[in-house]
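Please look over the sequence and the three-dimensional view that follow, and keep both at hand while reading.

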Amino acid sequence: STLNPRIITGAEIEEMSDPARLKALVEFCARNLVDHPDLVHVDERVTGQTAVLTLRVGPTDLGKVIGREGKTAHALRTLLSAAASAEDRRAVLEIAD
């Protein structure tokens, strides 16, 4: 598979708002897991201190972001929670089918 996500620099991440950083993290991870990175899309809803990110991928890539017994999805959620807590926020990852 050809990976074509644009590489985000540290300086760009520093300039992003908190929810945009979390969204960029999920997009980066997902694009590097799937066969069709161009079909990765992340929507975000922010309510108070909680960001709800919804990850959508191509139908053939759903298993890749969920993983065996949901281990990959759990790892993505753990990374997201750690990144959010570093900014004194909460974040929830939903994976749309």
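Strands β1 and β2 form a hairpin with two residues between them, and Gly48, which sits in the turn, has a positive phi of about 65°. Strands here (E, at least two residues) and helices (H or I, at least four residues) are DSSP runs, numbered from the N terminus. The model is a predicted one, in which local features need pLDDT of at least 70 and side-chain atom pairs count only at pLDDT 80 or more, while totals for chains, interfaces and linings use all residues. Residues are numbered from 1 along each chain as its sequence is written, and side-chain values use heavy atoms, with hydrogens and water left out.

Taken together, the strands make an open sheet of three in the order β1-β2-β3, with mixed pairing. Strands β1 and β3 stand at the edges, each with a single partner strand, so one side of each is left without a neighbour in the sheet. On average, neighbouring strands of this sheet are turned by 20° against each other, direction ignored; axes for such angles are lines fitted to C-alpha atoms, for helices over the stretch in contact, and angles run from 0 to 180 degrees between N-to-C directions. Six of the seven residues of β2 are buried, so this strand is largely enclosed by the rest of the structure; buried means under 20% relative accessible area, exposed means over 50%, and partly exposed is what lies in between, with a 1.4 Å probe and protein chains only.

His74 and Leu93 are 19 residues apart in sequence and 9.5 Å apart in space, C-alpha to C-alpha.

Side chains of opposite charge can pair when their charged atoms come close. A search of the whole structure finds three salt bridges, a salt bridge being a side-chain nitrogen of Lys or Arg within 4 Å of a carboxyl oxygen of Asp or Glu. In one of them Asp43 is joined to Arg56, with the closest N and O atoms 3.5 Å apart. This pair links distant parts of the chain, since Asp43 belongs to strand β1 and Arg56 to strand β2 (residues 50-56), 13 residues apart. Asp43 counts as partly exposed at 29% relative accessibility, and Arg56 is partly exposed too, with a relative accessible area of 38%.

Another salt bridge brings together the side chains of Asp35 and Lys64 (2.6 Å, N to O). Asp35 lies in the loop between α2 and β1 (41-47) and Lys64 in helix α3 (residues 62-66), so the pair ties together parts that are 29 residues apart in sequence. Glu87 forms a salt bridge with Arg21, the closest N and O atoms being 3.3 Å apart. Here Glu87 comes from the loop between α4 and β3 (90-95) and Arg21 from helix α2 (residues 18-33), and the two are 66 residues apart. Arg21 counts as partly exposed, at 23% relative accessibility.

For the chain as a whole, 33% of the 97 residues count as buried. Of the contacts with a separation of 6 or more, 57% are accounted for by residues 24 or more positions apart.

Key:
Two strands pair if DSSP finds at least two bridges between them. Contact means heavy atoms within 4.5 Å.
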